[in-house]
Amino acid sequence: MDFIADILMAGGAFGAALYCYVLSQRLKRFATLEGGMGGAIAVLSAQVDDMTRALEKARAAAMVSASSLEGLTERGESVASRLELMLASMHDLPDKAADPKSEQDPEAERRLRFVRRRSLREEAETGA
């Protein structure tokens, strides 16, 4: 019986040694940087670093753009308020300046327009 127990113990030790050898080989392949999982991890780590740097650059550019846009918005708002003030002051002005000809003859403006159009037409005919 002792002999059978020793054989089983030796078989178990040999199995454990074989299992440790297989695990060590897998670990070596896993850890190599040229290929396998170690290489993939190294590549992914480098890509994460590159993306972090690109993200920081994009944030800086966005901050600059945001501050520039904020300044332009404030400038546009101030110009809009000045335009509103000018438009409000234009409402206070009379519609037309007093024209002595139009007060005497209300048809004078229409006749002037007609004469102007007629003279333009005549100039086009004589010029062509």
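Guide: Let's begin with the overall layout: along the sequence, the pattern here runs α-α-α-α. Keep in mind that this is a predicted model.

Visitor: How many helices and strands does the protein have?

Guide: There are 4 helices and 0 strands. Helix α1 covers residues 2-31, and helix α2 covers residues 36-91.

Visitor: What does the confidence look like for the protein?

Guide: The mean pLDDT is 81, and 71% of the residues reach 70 or more. Now look at residues 114-118, where pLDDT stays under 50. For that stretch the model has 0 contacts beyond four places in sequence.

Visitor: Now the charged side chains. What is the general idea there?

Guide: Side chains of opposite charge can pair when their charged atoms come close. In this model, a search of the whole structure turns up 2 salt bridges.

Visitor: Which residue does Asp50 meet in a salt bridge?

Guide: Its partner is Arg53, with 2.9 Å from N to O. Both residues sit in helix α2, 3 residues apart, which is about one turn of the helix.

Visitor: Which residue does Arg59 meet in a salt bridge?

Guide: That one is Glu56, at 3.2 Å from N to O. Arg59 and Glu56 are also in helix α2, and because they are 3 residues apart, about one helical turn separates them. Arg59 is partly exposed at 48% relative accessibility, and Glu56 is partly exposed too, with 42%.

Visitor: Let's go back to the whole protein. How many of its residues, as a percentage, count as buried?

Guide: Of the 128 residues, 2% count as buried. As for the surface, the protein exposes about 11900 Å², and carbon and sulfur atoms supply 65% of that area.

Visitor: Which residues form a nonpolar patch on the surface?

Guide: Look for Phe3, Ile4, Ile7 and Leu8. Together these four have about 460 Å² of accessible area.

Visitor: Where is Ile7 found?

Guide: Ile7 is in helix α1. Its relative accessible area is 46%, so Ile7 is partly exposed. A residue needs over 30% to be part of a patch, so Ile7 passes that cut-off.

Key. Residues numbered from 1 in each chain as written. Predicted model: local features only at pLDDT ≥ 70, side-chain atom pairs only at ≥ 80, totals over all residues. Heavy atoms only, no water. Salt bridge = Lys/Arg side-chain N within 4 Å of Asp/Glu carboxyl O. Helix = DSSP H or I, 4+ residues; strand = E, 2+ residues; numbered from the N terminus. Buried < 20%, exposed > 50% of the residue type's maximum accessible area, 1.4 Å probe, protein only. pLDDT = per-residue confidence, 0-100. Contact = heavy atoms within 4.5 Å. Areas by Shrake-Rupley, 256 points an atom, 1.4 Å probe, with all protein chains shown as cover. Patch = residues over 30% accessible without salt bridge, like charges linked within 9 Å, V, L, I, M, F, W, Y side chains within 5 Å.
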